[in-house]
Structure formats: C-alpha cells, structure tokens
Amino acid sequence: DYRNADGSISDYYPDFIVKVSPKEYYIVETKGREDLDDIEKIKRLAQWCVDVNENQKDAKYQMLYIKQEEWEALGRKPRDFGEIVSVWADKSL
C-alpha cells in the first residue's frame with residue numbers, strides 16, 4: 001500500500017515482477033504518462049525495496065521505473081532483460 005496524492009491509503013500492484021534467479025528479483029513499473037499518484041507509488045516502491053532488503057537476506061529486490069518516452073528514445077528494442085537493467089537501473093533510484 002501507499003499514501004496517494006490526496007493522502008488516502010491505496011493499494012499498489014506493479015506492472016511486472018521479474019525473477020532473475022532464486023535470489024534476485026526486479027519490480028518493474030512502466031508509465032506512458034505520469035500523474036501525481038504515480039510519483040507516490042514509485043517513492044513507496046523504492047522504500048519497499050530498501051525495507052525488504054534490510055529485513056531479509058534470502059533474496060534481493062530492486063526496482064525499475066521505465067517511462068515510455070525513455071523506452072522510445074532508446075530507438076530499438078532491448079536485446080534482453082539484462083540490457084533493460086543496464087539502461088534503467090540507475091534511472092530508477
């Protein structure tokens with residue numbers, strides 16, 4: 001859950017969860033356009049990853065936030081998920 005732009009508590013369901021290995025997961029959120037609630041969702045997702053990684057060591061959870069205009073600016077489809085991570089991992093923080 002997260003606190004949306006008007007201050008209410010709302011549920012959040014990410015677009016994708018990618019299991020890279022039994023010990024590594026990516027929570028992926030994609031956006032064509034951004035509204036005020038999306039900003040709050042992304043902040044909460046970032047904090048959730050920090051919290052879950054601090055409180056357990058069985059797996060590492062990381063987030064990727066991919067905006068449509070950045071995807072299109074790449075000018076081609078990524079070769080594989082590893083390339084998506086290398087392009088967007090630093091932008092997601």
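A: Read along the sequence, the pattern is β-β-β-β-α-β-α-α. That gives three helices and five strands. The model is predicted. Your helix is α3, which spans residues 81-88.

Start at its N-terminal end. Asp 80 caps α3 there. A side-chain oxygen of Asp 80 lies 3.1 Å from the backbone nitrogen of Gly 82.

Now look at which residues of α3 are buried. They are Glu 83, Ile 84, Val 85 and Trp 88. An α-helix has 3.6 residues a turn, so residues three or four places apart point the same way. Keep that rule in mind as you turn the helix on screen.

What covers these buried residues? The cover includes β4, β5 and α2. Helix α2 is made of residues 68-73. Strand β4 runs over residues 24-31, and strand β5 over residues 60-67.

Next, find Phe 81 in α3. Phe 81 is partly exposed, because its relative accessibility of 24% is not under the 20% limit for buried residues. A search of the whole structure finds five aromatic pairs. Phe 81 and Tyr 26 form an edge-to-face pair. Their ring centres are 5.4 Å apart, with 70° between the planes. Tyr 26 sits in strand β4, and 55 residues separate the two partners, so this pair links distant parts of the chain. Tyr 26 has a relative accessible area of 6%, so it is buried.

Trp 48 lies in helix α1, residues 36-55, and Tyr 61 in strand β5. The pair therefore ties together parts that are 13 residues apart in sequence. Trp 48 is partly exposed, at a relative accessible area of 32%. Ring pairs also bring in Tyr 25, making a cluster of Tyr 25, Trp 48 and Tyr 61.

Go back to β4, part of the cover over your helix. Glu 29 is in this strand. Is Glu 29 buried or exposed? Glu 29 has 2% relative accessibility, so it counts as buried. The side chains of Glu 29 and Tyr 12 are joined by a polar contact of 2.7 Å. Leaving aside neighbours within four places in sequence, Glu 29 is in contact with several other residues, including Tyr 13, Pro 14, Asp 15 and Ile 42. Leu 64, Tyr 65 and Ile 66 are also among its contacts.

Tyr 12 leads on to helix α1. Lys 41 lies in α1, and touches Tyr 2 and Tyr 12, not counting residues up to four places away in sequence. Lys 41 is a charged residue, yet it is buried, with a relative accessible area of 18%.

Tyr 2 counts as buried, because its relative accessibility is 6%. With residues up to four places away left out, Tyr 2 touches Ser 8, Ile 9, Ser 10, Asp 11 and Tyr 12, among others. Its contacts also include Asp 37, Glu 40, Lys 41 and Arg 44. Ile 17 is 15 residues from Tyr 2 in sequence, and the two are 18 Å apart in space, C-alpha to C-alpha.

Gly 7 is in the loop between β1 and β2. Strand β1 covers residues 2-3, and β2 covers residues 9-10. Gly 7 is partly exposed, at 31% relative accessibility. From Gly 7 to Asp 37 the separation is 30 residues in sequence and 9.9 Å in space, C-alpha to C-alpha.

Finally, step back to the whole protein. Its C-alpha atoms fill a box of roughly 40 × 35 × 20 Å, taken along the principal axes. Of the 93 residues, 31% are buried. Take the contacts between residues at least 6 apart in sequence: 46% of them join residues at least 24 apart. The accessible surface comes to about 6400 Å², and 50% of it belongs to carbon and sulfur atoms. The protein has 15 positive and 20 negative charges, and the mean positions of these two groups are 4 Å apart.

Conventions: Residues are numbered from 1 along each chain as its sequence is written. This is a predicted model: local features need pLDDT of at least 70, side-chain atom pairs count only at pLDDT 80 or more; totals for chains, interfaces and linings use all residues. Side-chain values use heavy atoms; hydrogens and water are left out. Helices (H or I, at least four residues) and strands (E, at least two) are DSSP runs, numbered from the N terminus. Buried means under 20% relative accessible area, exposed over 50%, partly exposed in between (1.4 Å probe, protein chains only). Contact means heavy atoms within 4.5 Å. Accessible areas come from the Shrake-Rupley method with a 1.4 Å probe; for residues, only the protein chains shown count as cover. The place of a charge is taken as NZ of Lys, CZ of Arg, CG of Asp or CD of Glu. Rings of Phe, Tyr and Trp (its six-membered ring) pair if their centres lie within 6.5 Å; planes under 30 degrees apart count as stacked, over 60 as edge-to-face and the rest as tilted. A polar contact is a pair of N or O atoms within 3.5 Å; within protein, one must be able to donate a hydrogen and the other to accept it, and residues adjacent in sequence count only if both atoms are side-chain atoms.
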